[in-house]
Amino acid sequence: MTDLELFRTLARQPYRAKGEKAIWLQICDRLQFAYENGELAPGIKLPGEVHLAEVFQVSRITIRRALSKLQQEGHLHARKGVGVFVRQRPERYEVESNMRFADGFKVARDRVTTETLNLTRGDVSFEGGVALALPAGTQVIKLLRRRILDGEPIYLTAKEFPAARFPDFEAVYNKTGSVTEVYKAHGVERYERAETRIAGGFATARQADGLNLSPRTPVLEVVAINCDPTGTPIEYNAGCWPLSSVEIVFPGAVPFKGNLTP
């Protein structure tokens, strides 16, 4: 079945009365069901609004509402000037201390790339100052970057590092692209995750832009603090995942031989 035939099949089913459920929600339900059972495969580009409106025999406004809901739920994402695409399925990501970011993807590790969006120096933020035990006005290195999996942005992170602790940060990072190598160049051979906090939220304008999401899409916000072996904070990290892009796992000390996946 071609992609177009799939949408025609989804559109053939008669609509229930509007009094039972709005037409745009019925269309949304059909598309979501096709996504969940694998008929709408990751990476598929949807036909344009005009074409979909013709196929489902509704107005463009009705189609737009259905697609917007699915984008806000993280099933679809829009690329400016290109179109609307089906998002990748969630990937398993394991959170462990003293581990490079990509190593958390046990299956997809080799498919993850990094894009540095900004690297500057400036005054520490209020949150960063609290986490790093730095007074207001202290200079820090600020690093904004995102991780990309199979061509899709999946993680946006804003990091802060004490500038006095890492005077050669930019030189080392621009050469290696690695924060871990920056640490090593400044005598920090090993670091530990002191704390990780995860909370649900909705994408801000900056997060939506960085992750190719619609504003107010559900996201997972992660705040983490890294310390050197003495327990001194050296990194404040505020990250954001699209809710549907990742399954975050905290592995225990005892090997688990079962399977929690239904």
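**Aromatic pairs, an open sheet and a packed helix**

The structure holds eight aromatic pairs. Here, rings of Phe, Tyr and Trp (its six-membered ring) pair if their centres lie within 6.5 Å; planes under 30 degrees apart count as stacked, over 60 as edge-to-face and the rest as tilted. The model is predicted: local features need pLDDT of at least 70, side-chain atom pairs count only at pLDDT 80 or more, and totals for chains, interfaces and linings use all residues. Residues are numbered from 1 along each chain as its sequence is written, and side-chain values use heavy atoms, with hydrogens and water left out.

One of the pairs joins Y155 and W241: the ring centres are 4.5 Å apart and the planes stand at 35°, so the pair is tilted. Y155 belongs to strand β6 (residues 152-162) and W241 to strand β9 (residues 233-242), so the pair ties together parts that are 86 residues apart in sequence. Helices (H or I, at least four residues) and strands (E, at least two) are DSSP runs, numbered from the N terminus. Both Y155 and W241 are buried. Buried means under 20% relative accessible area, exposed over 50%, and partly exposed in between (1.4 Å probe, protein chains only).

A further pair is formed by Y183 and Y191. Their ring centres are 5.2 Å apart and their planes lie at 65°, so this pair is edge-to-face. Y183 is buried, with a relative accessible area of 1%. Y191 is buried as well, at 10%. Ring pairs link Y183 and Y191 with F161, F166, F169 and Y173 into a cluster.

Six strands make up an open sheet. Their order is β4-β5-β6-β9-β8-β7, and the pairing is antiparallel. Two strands pair if DSSP finds at least two bridges between them. The edges are taken by β4 (112-123) and β7 (192-202); each has a single partner strand, so one side of each is left without a neighbour in the sheet. On average, neighbouring strands of this sheet are turned by 15° against each other, direction ignored. Axes are lines fitted to C-alpha atoms, for helices over the stretch in contact, and angles run from 0 to 180 degrees between N-to-C directions. Strands β4 and β5 (residues 139-149) run antiparallel and are joined by eleven bridges. The bridge partner of T114 in β5 is R147.

Helix α6 (residues 169-176) packs on the sheet. It touches β4, β5 and β6, and its direction makes about 165° with that of β4. Contact means heavy atoms within 4.5 Å. The buried residues of α6 are F169, V172 and Y173. Seen down the helix axis, they fall within an arc of 95°, so they line one face of α6. The arc is that of the directions from the helix axis to the C-beta atoms. On the other side of α6, A171, N174 and K175 are exposed. The cover over the buried residues of α6 includes β4, β5, β6 and α7 (179-185). G177 follows α6, and its phi is positive, near 70°.

Elsewhere, Q32 sits in helix α2 (residues 23-36). Q32 counts as buried, at 18% relative accessibility. Not counting residues up to four places away in sequence, Q32 touches L70, E73 and H75.

Cysteines were also examined. With a disulfide taken as a pair of cysteine sulfur atoms within 2.5 Å, the count comes to zero. C28 is buried, at 0% relative accessibility. C227 is buried too, with a relative accessible area of 9%.
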